[in-house]
There are 4 protein chains.
Amino acid sequence: MSQLRITVWNEGVHESTQDPAGMDEYYPGGIHGALASGIGEQIPGATVRTALLDDPEHGLPEEVLADTDVLLWWGHKAHGQVADAVVDRVHQHVLGGMGLLVLHSGHFSKVFTRLLGTTCSLSWRNAAEREVVWTVAPTHPIAAGVPNPVVIPEQETYGEFFDIPVPDELVFISSFSGGEVFRSGVTFHRGQGRIFYFSPGDERYPVYNQPEIKRIIANGIHWAARPGLERTAPAVSNPTRDWYL
Amino acid sequence: MSQLRITVWNEGVHESTQDPAGMDEYYPGGIHGALASGIGEQIPGATVRTALLDDPEHGLPEEVLADTDVLLWWGHKAHGQVADAVVDRVHQHVLGGMGLLVLHSGHFSKVFTRLLGTTCSLSWRNAAEREVVWTVAPTHPIAAGVPNPVVIPEQETYGEFFDIPVPDELVFISSFSGGEVFRSGVTFHRGQGRIFYFSPGDERYPVYNQPEIKRIIANGIHWAARPGLERTAPAVSNPTRDWYL
Amino acid sequence: MSQLRITVWNEGVHESTQDPAGMDEYYPGGIHGALASGIGEQIPGATVRTALLDDPEHGLPEEVLADTDVLLWWGHKAHGQVADAVVDRVHQHVLGGMGLLVLHSGHFSKVFTRLLGTTCSLSWRNAAEREVVWTVAPTHPIAAGVPNPVVIPEQETYGEFFDIPVPDELVFISSFSGGEVFRSGVTFHRGQGRIFYFSPGDERYPVYNQPEIKRIIANGIHWAARPGLERTAPAVSNPTRDWYL
Amino acid sequence: MSQLRITVWNEGVHESTQDPAGMDEYYPGGIHGALASGIGEQIPGATVRTALLDDPEHGLPEEVLADTDVLLWWGHKAHGQVADAVVDRVHQHVLGGMGLLVLHSGHFSKVFTRLLGTTCSLSWRNAAEREVVWTVAPTHPIAAGVPNPVVIPEQETYGEFFDIPVPDELVFISSFSGGEVFRSGVTFHRGQGRIFYFSPGDERYPVYNQPEIKRIIANGIHWAARPGLERTAPAVSNPTRDWYL
């Protein structure tokens with residue numbers, strides 16, 4: 001049984017504004033609820049919290065982050081409303097070893113762009129195209145047990161150029177009916193922290209209900225988690241000569 | 001004016017067997033002729049040789065390789081007929097700093113699989129699908145001046161998993177009408193040598209006549225070339241302490 | 001003759017405070033002067049500007065950056081005094097294709113940490129130890145013509161763990177008399193920009209007067225420069241289906 | 001309790017020739033015995049086999065490899081005596097997913113050079129210098145619980161340039177008393193297989209008896225192992241269009 005402590009953050013704007021209409025049919029508990037439910041199925045015994053933009057401190061006070069092995073981040077409409085103090089806190093925890101999964105439109109979140117240093121811009125088109133997710137790193141733990149390819153019947157199209165640093169590991173590449181390609185599953189390391197960005201999952205399509213997608217997200221959590229690690233970001237030191245002898 | 005010395009190797013089997021029929025309409029000088037012609041346009045002043053499987057020593061005796069800054073390799077039907085002694089020689093020259101461009105079905109050539117250590121297998125389908133070549137490394141010299149994307153109206157489909165080592169640089173990713181994706185432009189470094197693999201270009205479609213493709217190949221040649229470098233593969237040494245002082 | 005436009009930025013605090021005493025003996029024109037002089041020797045015909053913290057807008061107004069192919073950054077004591085507006089501007093220019101060389105204690109500059117997303121912390125010791133700079137990427141343009149190793153008789157010791165993202169390319173690794181190692185020459189790509197960090201060069205030792213170091217810096221400039229590129233950072237787009245046909 | 005199946009291969013020449021004299025004092029069971037003993041301590045429940053050059057088929061018949069999750073390879077004097085048929089077999093198993101740890105002078109083994117495609121040459125000096133092993137990838141599983149640095153009082157000196165492909169992950173960098181540096185812990189992926197090369201460990205010094213070294217090797221085994229994976233190397237396929245729908 002896993003002892004992993006997982007926090008799913010969602011801005012919750014699509015849910016609170018009931019936009020798109022009908023989202024509650026496939027995501028009755030919201031996007032965060034769907035994610036939490038999938039994690040519960042895939043990682044029995046894990047502790048799964050959810051946190052929302054409208055919660056005090058966006059649901060991410062120091063004590064929650066200190067009690068989180070892996071944080072998932074879903075945002076879209078309200079990136080600008082996320083307080084810089086919370087972004088600072090999440091940033092520090094990632095540098096100290098908290099795992100981070102950034103999902104879909106979270107590419108434009110403050111925390112992701114700050115960790116990467118680029119615009120994280122991309123091309124997009126909302127046209128219910130078919131996305132096909134191909135594994136290009138079959139040895140990667142995140143690809144374990146994942147069919148190659150995974151077919152998502154309808155999804156928002158994301159296309160290159162995706163303005164991210166060269167990923168440390170490129171796990172998945174997607175194609176879309178319109179011919180676009182996208183580096184849809186990529187990892188980064190920052191300080192002591194492991195970061196997985198995974199692009200499938202839009203508010204208009206029930207992507208997070210697909211078993212293969214649940215598996216990928218669970219694999220990402222296992223890969224990013226560093227349970228037992230002391231949560232300390234790297235820091236400058238000034239050792240004397242031969243200090244290590 | 002460039003002083004680059006370029007050798008285009010082609011097994012020449014499609015040409016000698018006139019298979020596919022009609023290939024001489026778009027490639028009247030053979031695949032090697034088309035490649036040489038494009039290079040001549042793009043790199044004025046370069047010296048461009050061609051060499052064929054049926055030439056003595058496959059057209060690649062020691063003196064030719066010693067006089068070659070960048071070697072292009074196109075093979076398909078006759079990989080097994082390439083003499084191991086020639087493969088050894090090409091291998092050594094790459095390790096010593098000769099640039100190498102491996103094209104399309106050359107992925108299964110002896111020299112490429114030996115340099116990479118993997119099977120270099122892939123999925124393929126001959127269905128005249130549209131290939132769209134996307135740039136994912138806009139800072140890379142090989143992408144300079146290349147439109148994003150490049151559209152190839154008809155091409156053989158190559159798909160992942162492409163069993164290569166993780167590339168040092170991933171420059172292009174292609175999608176195909178059938179939904180497959182392929183890491184179509186990738187670089188590797190071996191010893192002193194720079195290697196560029198570029199997948200577009202099949203015997204059935206006039207891909208090497210497209211200006212954008214000519215540009216990519218010329219960029220690859222410029223990137224891989226190390227003119228003036230002494231052609232010496234790395235070797236073991238046994239220096240005394242403080243030898244460098 | 002190169003047409004490269006190069007700007008050398010130095011905070012200038014060591015110079016204005018005459019600390020360390022005697023620095024003006026080996027750097028009579030300041031650190032920026034030494035760097036500019038070396039560049040002038042190595043890249044004849046280049047236009048070399050210098051800019052200082054105390055200049056209006058730190059010497060880096062929009063028109064200067066727009067007229068700069070490669071910016072060198074040397075800072076140590078006054079990182080916090082660099083105005084965020086200037087950091088924003090430099091950041092945008094790098095994303096748009098301006099080359100950036102960050103030198104030595106510039107690892108803690110605002111612009112470098114923002115581009116990388118990490119603390120960029122390290123261990124250090126000011127003990128006039130010998131640094132030996134080893135090439136581990138002999139195919140890299142920055143290593144061209146550089147002896148392996150380069151010996152720096154006295155230098156500040158920098159040691160791992162250096163909290164940077166995994167570099168895109170690791171060109172040099174240094175050892176120090178005290179036994180520390182440091183990834184002393186590393187590259188990153190951000191947006192359209194190429195970044196080279198090179199650690200040798202402290203205010204107390206005349207490192208920038210060494211010919212091999214001048215060569216490395218000139219190589220870095222050539223590698224990072226993208227003359228002729230339109231200076232535009234990547235941006236989001238929303239193309240219609242089949243836009244590229 | 002681990003169910004991992006581990007095979008330690010040693011050419012066994014230093015043992016059979018009693019050269020260097022006295023090796024049996026610190027390695028009474030040979031190098032393979034020391035490695036097996038360390039693994040037994042670190043990975044309780046693992047099945048650990050040893051195999052020697054002089055065993056039939058070098059102790060590596062098909063049924064042994066098929067029953068091996070991770071193979072360790074130690075060789076030095078007799079690389080040329082390893083039968084090509086055995087090298088072929090090991091190569092295929094790695095491509096199919098068997099983990100491989102190559103140790104110290106195994107850098108020149110047939111199987112390692114075949115997997116990497118380079119000369120794997122380096123500089124060396126047998127001078128009982130102190131080696132200090134620094135972690136540069138603190139997020140990597142192989143570095144988990146490993147002190148930074150690890151000090152090896154006496155070891156053969158290995159120095160750059162180490163002619164390997166750019167590693168997929170650089171975990172450890174070593175310095176030596178003589179000032180050399182070496183990329184001493186590096187990973188590669190080939191096909192379905194994970195490969196870890198770790199340079200410490202010479203026949204003249206009791207390196208494999210150090211607890212930190214045992215920990216690194218055990219971490220490497222855990223990282224490289226893919227228990228439960230069907231042992232199949234990637235292969236070419238020719239699917240029809242829409243095969244995945």
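Reader: What makes you say that chains A and C meet through the same surface?

Author: The interface residues of the two chains were set side by side. For chain A, 100% of them are also interface residues in chain C, so the copies meet through the same surface. Contact here means heavy atoms within 4.5 Å. This is a predicted model, where local features need pLDDT of at least 70, side-chain atom pairs count only at pLDDT 80 or more, and totals for chains, interfaces and linings use all residues. Residues are numbered from 1 along each chain as its sequence is written, chains are lettered from A and ligands numbered from 1 in the order in which they are written, and side-chain values use heavy atoms, with hydrogens and water left out.

Reader: What rotation and shift superpose chain A on chain C?

Author: The rotation is 180°, with 0.0 Å of shift along its axis, and the RMSD is 0.0 Å. That is the relation of a two-fold axis.

Reader: How do you know how confident the predictor is in chain A?

Author: Look at pLDDT, the predictor's confidence in each residue, from 0 to 100. Chain A averages 97, and 99% of its residues score at least 70. The model scores ipTM 0.97 and pTM 0.98.

Reader: Why are H3(D) and H7(D) called roughly perpendicular?

Author: Helices are DSSP runs (H or I, at least four residues), as are strands (E, at least two), numbered from the N terminus. The axes of H3 (residues 30-42) and H7 (residues 211-224) of chain D come within 9 Å and cross at roughly 75°. Axes are lines fitted to C-alpha atoms, for helices over the stretch in contact, and angles run from 0 to 180 degrees between N-to-C directions. Under 35 degrees is roughly parallel, over 145 roughly antiparallel, 65 to 115 roughly perpendicular, and the rest oblique. H3(D) and H7(D) are therefore roughly perpendicular to each other.

Reader: Which residues make that contact?

Author: Among them are Leu35(D) and Ile39(D) of H3(D), and Lys214(D) and Ile221(D) of H7(D).

Reader: What makes the pair Trp9(A) and Trp73(A) stacked?

Author: Rings of Phe, Tyr and Trp (its six-membered ring) pair if their centres lie within 6.5 Å; planes under 30 degrees apart count as stacked, over 60 as edge-to-face and the rest as tilted. Trp9(A) and Trp73(A) are 4.0 Å centre to centre, with 15° between the planes, and form a stacked pair. Trp9(A) lies in strand E1 and Trp73(A) in strand E3, 64 residues apart.

How values were computed
Least-squares fit on C-alpha atoms with pLDDT ≥ 70 in both.
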